[in-house]
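Dear colleague,

I am passing on a structure that I would like you to look at when you have a moment. My notes on what was found in it follow directly below.

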Amino acid sequence: MITKACIRHGIAAVERPLVLHSDNGSAMKGGTMLSTLQQLGVVSSFSQPRVSDDNSFA
């Protein structure tokens, strides 16, 4: 889904990277997901543990 969205919308991390902020869930921290994001040039940002409304990147 992430790959298709980047291709469809012409997103390329050339000037500044795209940041995907998410919770600390296992699906978002899995090796396959992180590898795909890295190949697309997308930077991962995760919430702090036990805090539902933060944005560590910001």
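Leaving aside residues up to four places away in sequence, P17 touches G41 and V43. This residue sits in the loop between α1 (2–8) and β1, and, with a relative accessible area of 48%, P17 counts as partly exposed, because that class covers the range between under 20% for buried and over 50% for exposed. The C-alpha atoms of P17 and V42, which lie 25 residues apart along the chain, are separated by 6.0 Å.

Please bear in mind throughout that this is a predicted model. The mean pLDDT of the protein chain is 76, and 76% of its residues reach 70 or more. Confidence is lowest in helix α2 (residues 26–29), where the mean is 77, and highest in helix α3 (residues 31–40), where it is 86. Where pLDDT is low, the predicted coordinates should not be read in detail.

For the pair L20 and I2, 18 residues apart along the chain, the C-alpha atoms are separated by 9.8 Å. How exposed is L20? Its relative accessibility is 25%, so L20 counts as partly exposed.

As for the chain as a whole, the protein has 3 helices and 2 strands, and these follow the pattern α-β-α-α-β when read along the sequence. Of the 58 residues of the protein chain, 14% count as buried, while the chain exposes about 4,600 Å², of which carbon and sulfur atoms supply 54%. Among the contacts in the protein chain with a separation of 6 or more, residues 24 or more positions apart account for 50%.

With best regards

Note on methods: Residues numbered from 1 in each chain as written. Predicted model: local features only at pLDDT ≥ 70, side-chain atom pairs only at ≥ 80, totals over all residues. Heavy atoms only, no water. pLDDT = per-residue confidence, 0-100. Helix = DSSP H or I, 4+ residues; strand = E, 2+ residues; numbered from the N terminus. Buried < 20%, exposed > 50% of the residue type's maximum accessible area, 1.4 Å probe, protein only. Contact = heavy atoms within 4.5 Å. Areas by Shrake-Rupley, 256 points an atom, 1.4 Å probe, with all protein chains shown as cover.
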